[in-house]
There are 2 protein chains.
Amino acid sequence: MARHGQSKLNAFLHPTGHHVAAWRHPRAQADAGVNFDHYVELARTAERAKFDAIFLADSAAVRDQNIESASRVARYVVHFEPITLLSGIAAATRHIGLIATATTTYNEPFHIARKFASLDHISKGRAGWNLATSAGEVEAFNFSRTAHPAHADRYDRAREFAQVVTGLWDSWEDDAFLRDKESGLYFEPSKQHVLNHSGPHFAVRGPLNVARAPQGRPVLVQAGSSEAGKELAAETAEVIFTAAQTLEEAQAFYTDVKGRLSRYGRHADTLKILPGVSPIVGRTRDEAEAKFAELQELIHPAVGLSLLSQMLGGVDLSGHPLDGPLPELPETNAAKSRQKLLVDLARREGFSIRQLYQWIAGARGHWAIRGTAKDIADQLEAWFEGHAADGFNVMPPTLPGGLDDFVDLVVPELRRRKLFREEYEGRTLRENLGLPYPHHPAAKPSAPPGCEVGGQARPIAANG
Amino acid sequence: MARHGQSKLNAFLHPTGHHVAAWRHPRAQADAGVNFDHYVELARTAERAKFDAIFLADSAAVRDQNIESASRVARYVVHFEPITLLSGIAAATRHIGLIATATTTYNEPFHIARKFASLDHISKGRAGWNLATSAGEVEAFNFSRTAHPAHADRYDRAREFAQVVTGLWDSWEDDAFLRDKESGLYFEPSKQHVLNHSGPHFAVRGPLNVARAPQGRPVLVQAGSSEAGKELAAETAEVIFTAAQTLEEAQAFYTDVKGRLSRYGRHADTLKILPGVSPIVGRTRDEAEAKFAELQELIHPAVGLSLLSQMLGGVDLSGHPLDGPLPELPETNAAKSRQKLLVDLARREGFSIRQLYQWIAGARGHWAIRGTAKDIADQLEAWFEGHAADGFNVMPPTLPGGLDDFVDLVVPELRRRKLFREEYEGRTLRENLGLPYPHHPAAKPSAPPGCEVGGQARPIAANG
């Protein structure tokens, strides 16, 4: 198939790395979750390699409420709130995109619209919002709720939430602020747009108290892959982070989601699909295998079991023998698509509970690959050329080491193949991703819409 | 009276300056509200002068909904969300404290506890939270509410909100995180404290997903001066920003609030009272007067009237002649103490509506003084020595010029009088303010509580 541009690369930064035992690695920054200098170092490494963005997942709760396993896990115990962290990183970087997760289930759209618009101004056009609906009950209990809303209700709310946020981001036209000291006119009244939203979940008047963002709107990202998640992404998302195990699976997802876009009047290029990949890179294959084995040795059984239980949507597996099969599971309200992926895998491979948690320990169901830079690049190239991916959500198993390895070994190999940029193409995240500038609905575009795909047609808003 | 240490100084940064017409000043940064580099410059100026902190007020709405006046006002139209902004500034500074306003009326305590704890880690111990209850209905309409809650209800909620936030900040003891790679124990289970709060306004389980802050708890600030505001401050605040017009008024407030502390088992030194002061400094008195006159000339009548109307709690004054007296006003639910201050002033001075808005245009009812550095320092010294203030909340009428003037002219004069520090005494905001370290309730203090006033007794938490 024809080459469709170059691959995008995003660095998904789990504090100590994506492998569940990463924090125990001798070179791990064990206090990573609350170590700002650690994150600045990672962001600068990714920026040096010309990654499109860094990305932070989130949980508005200590996820594991079982003190026995929780006390052995570094993941989602204590870590920075992502938006706060990214605005600190914005001040310490110049080019890299900054994507934070924020849940629509336990937030107010006005706050979220405002924070991401602020981050976009602070970073001069590098903000992205990963819209999530939260994965479990533990968050509900921190927000005066007695239960986590049902999957369909969460997506219903998320859809309206995204409409409100997008509407608030359009509260002001790009050139609304005259700031004419002589006449005393600060803004042009006709270029303020009061939202006056009223829907089943929200009543929000507006206008937003932040000027239109340098990117017009921060980049909208999603990661859900249930039916509702895919449909919401087709309607609203500009980037999807997804999980697939095989080229065929990834191709099917890619074709499925891209095919839905036309329903919403969208061109296939306006949504970038980035499957997760957790690479263990060695200078030889043996070195890569040894790195993997070293990490697997560090998994405490209580931690493996807790991870598996969370990924299955909070199922309690403690009564079942570790070396026996996965029992029949009740239907989950939490993370539907992930549960199905794991159950199918266990059945197909005949995995015991222990084998299943060992299998997900590296990347939680994402695509985990090991080998030399050439091995890794071969596989990424096959996915990219095979229309399974517009780029990759790189999930280093350890940090900072796993990111350094990818940047020092794999990125040069991708460049040799012309698969990845030598320099940033644009000044904003949107421009680097090749996404169109979202003109204000009330403003006349200066060129036909088709000409702006690629995002180069329009300078950064003057009010940045 | 005896000298009680040295004065504290906080820089209250309204985007373009506190004078209502500041944005029209020839040297004003008219896009200040969304200009990150402008704020970094201000923060570095304040840090160079060894100010304790910078402070940002807030409004979760475009405050003025009258398009005619709003379009001529730069205040509270578009500006950064404060926490997001301060974490960006944290990365660009090293010593200065960072105090952001966040309302308890339209937020969730878990989010607020988490964001300020994050900011404290990012800044390595420089965060402060100004607890506010919001001043008007305009915010309600952005958060799916049909009305702004009554004053008493807001304070009732605020009090519980502060309890929850403080409790969440104590979710982990200072030394809870062992991060022992060898044994695999990440934290000591007995040093995690689940809050399990259940009250009339909130049910919050916890624990917070951020380690205990470098300051133990971020510094708690308040600015309300109603009866309910003073009582809440006496119970919970460590810094109060207040407004007073005369030495006597300031002394009365100081004595009143400090006298309430013993009810809550608190020492008078554990709360610092900082009245607002808006200084116009000249190299001569004539120069100061000329600077003031230049600003007063720039006030558009629609803007003056709108400011006055907002400060009176949203009263509509449009039917009344500008040169006539202030009419009888309905009781307000919004900003009780401020309305009373202004009504009393107008009656006492026989001000017309126009005279009243001109009078507040400079500093919105705060203490506005003009003169040479010596004149200004004389007055600050009298207030400080007269036990009317532990320091000052400096409100530059213009920015960056008004802050530069204060730093270059007044600060050296205060130093000559030994009224202000030559160097930062501590590493954290709390240490510089001379506030005690809040030991974790479950931890045994290493010295009797009295010995820690001054905050020097205890190193920064190891988990910072």
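Which residues lie nearest the centre of the largest cavity, and how many line it?

Mentor: Quick housekeeping before we go in. This is a predicted model, where local features need pLDDT of at least 70, side-chain atom pairs count only at pLDDT 80 or more, and totals for chains, interfaces and linings use all residues. Residues are numbered from 1 along each chain as its sequence is written, chains are lettered from A in the order in which they are written, and side-chain values use heavy atoms, with hydrogens and water left out.

Now the hole itself. A cavity here is a set of points, on a 1 Å grid over the protein atoms alone, where a 1.4 Å probe fits but cannot get out, and lining residues have an atom within 4 Å of a point. The largest cavity has 15 lining residues, and Glu81(A), Asn107(A), Ile112(A), His111(B) and Lys115(B) lie nearest its centre. By type, the lining splits into four nonpolar, six polar and five charged residues, with Asp, Glu, Lys and Arg counted as charged, Ala, Val, Leu, Ile, Met, Phe, Trp, Tyr, Cys and Pro as nonpolar, and the others, Gly among them, as polar. The space inside comes to about 140 Å³, a volume being what probe spheres set on the points fill, with points joined across faces, edges and corners. In total, the model has 16 cavities of 30 Å³ or more.

As for the two chains that line it, 78 residues of chain A are in contact with 78 residues of chain B, contact meaning heavy atoms within 4.5 Å.

Key:
On a 1 Å grid over the protein atoms alone, a cavity is a set of points where a 1.4 Å probe fits but cannot get out, and a pocket is an open set with protein on both sides within 12 Å along at least five of seven lines; lining residues have an atom within 4 Å of a point.
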